[in-house]
Amino acid sequence: MSRKTLTRRQFVAATAMSSTALIAAPYVRGAYAAGKLSIGFWDHWVPGANDASTALVKEWADKEKVEVSIDYITSNNKKIELTAAAEAQAKSGHDILQMPSWWPHAYSENLEPLNDVMEPLIKQNGEVNGTVKYLGQLDGKWLAVPATPGSQIKGPCSRIDLMKKHAGIDVQEMYPAGSPPKDDNWTLETFLKAAEACQKAGVPFGIGLGETTDSVDTAGAIFQSFGAELVNAKGDVTVKTDAVRQALEFYKKLIAVLPADAPSWDDASNNKWLISGRGAMIMNPPSAWAVAKRDAPQVAEQCWTHGFPSGPKGRFAPFLPYFWGVWSFGKNKEAAKSLLVHLSSPAAIEKFVVASGGYDLPAYANMTKFKTWAEEGPPKGTLFHYPDPYHRQTLSIAASPAPPKIAQQIYFQATLTKMALRFAQGEKMDTALAWAEGECEGFMRT
Amino acid sequence: MADVVIEQGGVARTARPRKARSLRNMLGRKSTVAFFLTLPLILLIGLLVLYPAFYSLYLATLNKAMTKFVGLGNFTFLFKRETFWMVVKQSCIFAITAVIFKALIGFIVAHFVHNIPGKKQRKWRGMLLVPWVIPPAMSTLAWLWLFDPSYSAFNYTLSFFGVGPIPWLGETFWARFSVILVNVWYGAPFFLIMYLAALKSVPDQLYEAASIDGANWWQKMWYVTLPMMRNIIAITTLFSLIVTFANFDIVRILTSGGPLDTTHLFATWAFQVGIQSSDIPLGACVSLFMVPILAVAAIFILRDVNKRGNEA
């Protein structure tokens with residue numbers, strides 16, 4: 001038996017040749033080649049909704065022969081934001097990370113441009129709304145892809161019985177299931193009168209005045225309805241304007257009829273307010289109604305989600321999109337892009353909407369009339385107007401149109417609600433405005 | 001030449017055992033053993049405490065986009081912010097008030113527990129430690145429900161006496177009261193256990209001698225108990241001051257800093273500025289501002305402890 005030995009010279013030559021081959025060979029790892037992909041998804045509130053994401057990813061991974069790992073990250077206590085901050089600092093982490101509204105701009109330097117994904121998607125699914133463009137694009141470059149899971153409108157969720165009884169408003173008639181809204185008289189004036197009537201009847205509207213997003217989003221929509229901007233699109237501070245003054249006057253009247261401890265409310269407080277049966281309206285996506293369905297069915301069957309009241313400058317509704325971003329330091333960017341295309345297909349989007357019981361909202365104009373919203377109940381049709389199927393509202397985010405990096409600070413420091421609260425608690429208008437102006441000037445740091 | 005070679009070899013031959021011996025001696029020294037035993041901890045502290053500390057110092061010197069060195073620019077910016085000075089004031093109010101009440105309650109309860117006879121004392125000690133043992137994030141969530149606007153157990157109970165409803169977390173006074181209350185509830189057992197240990201170490205003969213001299217209860221407390229507990233009181237106060245100043249979870253869960261920022265502490269505001277508003281350098285500055293305040297407190301308190309140690 002002969003034994004072939006490898007000489008030192010042969011070993012060195014073989015090693016050098018194989019190394020050269022590995023380095024010089026074209027690195028082909030298209031979406032159609034095997035590889036690994038790690039994803040950080042938002043951990044959905046709705047039980048079972050994560051399963052839809054897992055199934056869709058698995059479907060894609062099986063087809064593309066990619067090994068995928070998914071982490072579901074809760075947004076409780078800003079875990080997603082912390083994850084994004086840590087990964088951006090470490091330049092390492094997931095290939096795809098789902099991030100809340102303001103984060104694509106916050107980490108624009110670390111995100112892979114996704115124009116090659118977004119442009120075909122827009123052609124396929126229809127135009128995206130202005131807020132998605134504002135938050136997802138920078139100088140014509142798409143920073144991230146709008147994610148259906150978690151994206152939401154925080155419009156009014158009214159109690160049918162209480163609004164009819166105390167405010168004389170039939171919300172079902174105003175927003176009939178299956179047909180366009182008859183909302184011409186649904187203005188901020190009508191809204192305020194209804195708030196006053198419900199407060200007198202002991203069932204005040206549950207609108208927070210705290211520092212968390214629900215409070216800020218409502219304030220944002222109301223300010224925009226008056227055309228009030230603290231910082232304009234060019235980045236100029238525009239606090240001392242008539243529009244801001246009008247918005248503050250309106251808010252002062254509204255605050256007078258809100259619960260006494262609204263200044264301390266967090267994002268769970270309004271849900272609890274509705275479910276406990278103590279209020280006639282809150283501003284929230286249908287999660288409060290979904291919990292009521294389980295915990296207080298008698299409350300749930302009286303809930304109706306509908307459009308925002310209009311102000312002098314239009315009808316604005318708070319829209320909070322989530323995004324899927326691909327880190328520029330990610331290891332499998334092509335595969336990541338391919339998966340995002342798969343997750344944004346009309347079939348996948350409908351699956352997300354069905355799995356979340358209608359909570360998740362696609363950002364695309366052609367996708368606001370899925371069956372789920374028409375059929376969910378009780379009462380049947382309660383979510384029909386949730387995705388704004390007749391495009392009656394401008395979907396917006398508080399603090400826009402200020403440049404996003406400034407707006408993010410106005411948003412998270414809750415400058416709008418704080419200014420309104422200061423004025424409502426007796427501070428002079430000029431003092432409250434001067435305070436807000438000082439804050440905004442501080443946000444100009446680069 | 002040969003002599004030299006031989007001499008060199010000889011030198012080499014004698015140096016080796018001496019070197020080995022000195023290495024053995026060094027390794028045999030208690031201090032060296034102690035150093036190697038503590039090395040894992042030193043490395044851990046270096047990795048988890050020193051590195052982040054220096055990294056945050058570095059972060060604090062960058063601009064918002066973290067692309068440029070700005071020196072102390074972030075600090076000078078902070079000093080001009082009204083909210084920053086409000087946070088400084090509030091952190092002091094929160095920490096000092098909470099520590100005083102924790103110390104007072106701990107001191108009083110430690111005396112009660114100290115006077116409970118043997119077996120029963122263990123049960124009480126165990127029960128009184130419960131608030132300190134539960135993770136604060138969890139217990140604070142329970143407090144949040146007690147203060148909750150819709151389901152508040154406190155307001156429900158008060159309603160039977162015709163009182164309330166009190167906006168526990170909605171008004172500045174009550175919100176500050178509530179966060180301090182929860183911190184005192186959580187932290188008082190630490191003082192209790194430390195003071196109890198100190199009380200047990202006071203020799204009975206001192207009290208007997210004081211009784212023979214005709215000292216009353218108050219005089220025994222003032223001239224015997226307190227002087228014997230002074231060092232423990234100082235150290236406990238310092239530890240608690242540091243932890244209370246750096247508190248995050250209680251305020252974050254109960255009020256998120258509201259209403260109108262009037263319950264923000266350094267840590268919660270740093271989180272809001274650094275993480276939520278994506279201004280990590282400014283957030284690092286806010287959290288670093290605790291260091292000089294705590295360093296001054298530590299110097300005063302520890303200097304006093306050293307002085308007494310020398311006197312002893």
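1. Start with a helix pair in chain A. A:Ala49, A:Asp51, A:Ala52 and A:Leu56 of α2(A) meet A:Ala348, A:Lys351, A:Phe352 and A:Ala355 of α16(A). Contact here means C-beta atoms, placed from the backbone, within 7 Å. By class, this contact has 6 nonpolar, no polar and 2 charged residues. Nonpolar covers Ala, Val, Leu, Ile, Met, Phe, Trp, Tyr, Cys and Pro; charged covers Asp, Glu, Lys and Arg; the others, Gly among them, are polar.

2. A word on the source. This is a predicted model: local features need pLDDT of at least 70, side-chain atom pairs count only at pLDDT 80 or more, and totals for chains, interfaces and linings use all residues. Residues are numbered from 1 along each chain as its sequence is written, while chains are lettered from A and ligands numbered from 1 in the order in which they are written.

3. Now the geometry of that pair. α2(A) (residues 49-64) and α16(A) (residues 346-355) pack at about 160°, with axes 8 Å apart. That makes α2(A) roughly antiparallel to α16(A). Angles under 35 degrees count as roughly parallel, over 145 as roughly antiparallel, 65 to 115 as roughly perpendicular and the rest as oblique. Axes are lines fitted to C-alpha atoms, for helices over the stretch in contact, and angles run from 0 to 180 degrees between N-to-C directions. Helices (H or I, at least four residues) and strands (E, at least two) are DSSP runs, numbered from the N terminus.

4. Next, the sheet. Three strands of chain A form an open sheet in the order β8-β7-β9, with antiparallel pairing. Two strands pair if DSSP finds at least two bridges between them. β8 and β9 of chain A stand at the edges with a single partner strand each, so one side of each lacks a neighbour in the sheet. Neighbouring strands are turned by 20° against each other on average, direction ignored. Helix α7(A) (residues 160-167) packs on the sheet and touches β7, β8 and β9 of chain A.

5. β7(A) pairs with β8(A) (residues 281-283) over 3 bridges. Another 3 bridges join β7(A) to β9(A) (residues 303-305). Which residues are bridge partners of A:Cys157? In β8(A) the partner is A:Ile282; in β9(A) the partner is A:Thr305.

6. Check the two faces of β7(A) (residues 156-159). A:Pro156 and A:Ser158 point one way, A:Cys157 and A:Arg159 the other, and all are buried. Buried means 20 or more other C-beta atoms within 10 Å of a residue's own; exposed means 12 or fewer; partly exposed lies in between.

7. A:Met174 sits in helix α8(A) (residues 171-174). Is A:Met174 buried or exposed? A:Met174 is buried, with 20 other C-beta atoms within 10 Å. Leaving out residues up to four places away in sequence, A:Met174 touches A:Ile169, A:Pro181, A:Lys182, A:Asp183, A:Trp186 and A:His306.

8. α18(A) is mostly covered: 9 of its 9 residues are buried. The cover includes α4, α6, α10, α19 and α20 of chain A, together with α13 of chain B. Just after α18(A), A:Ala414 takes a positive phi of about 55°.

9. Last, the contact between chains. Chain A gives 31 residues and chain B gives 27. On the side of chain A that touches chain B, α3, α12, α18, α19 and α20 of chain A each supply at least two residues. That side divides into 10 nonpolar, 11 polar and 10 charged residues.

Key
Contact = placed C-beta atoms within 7 Å.
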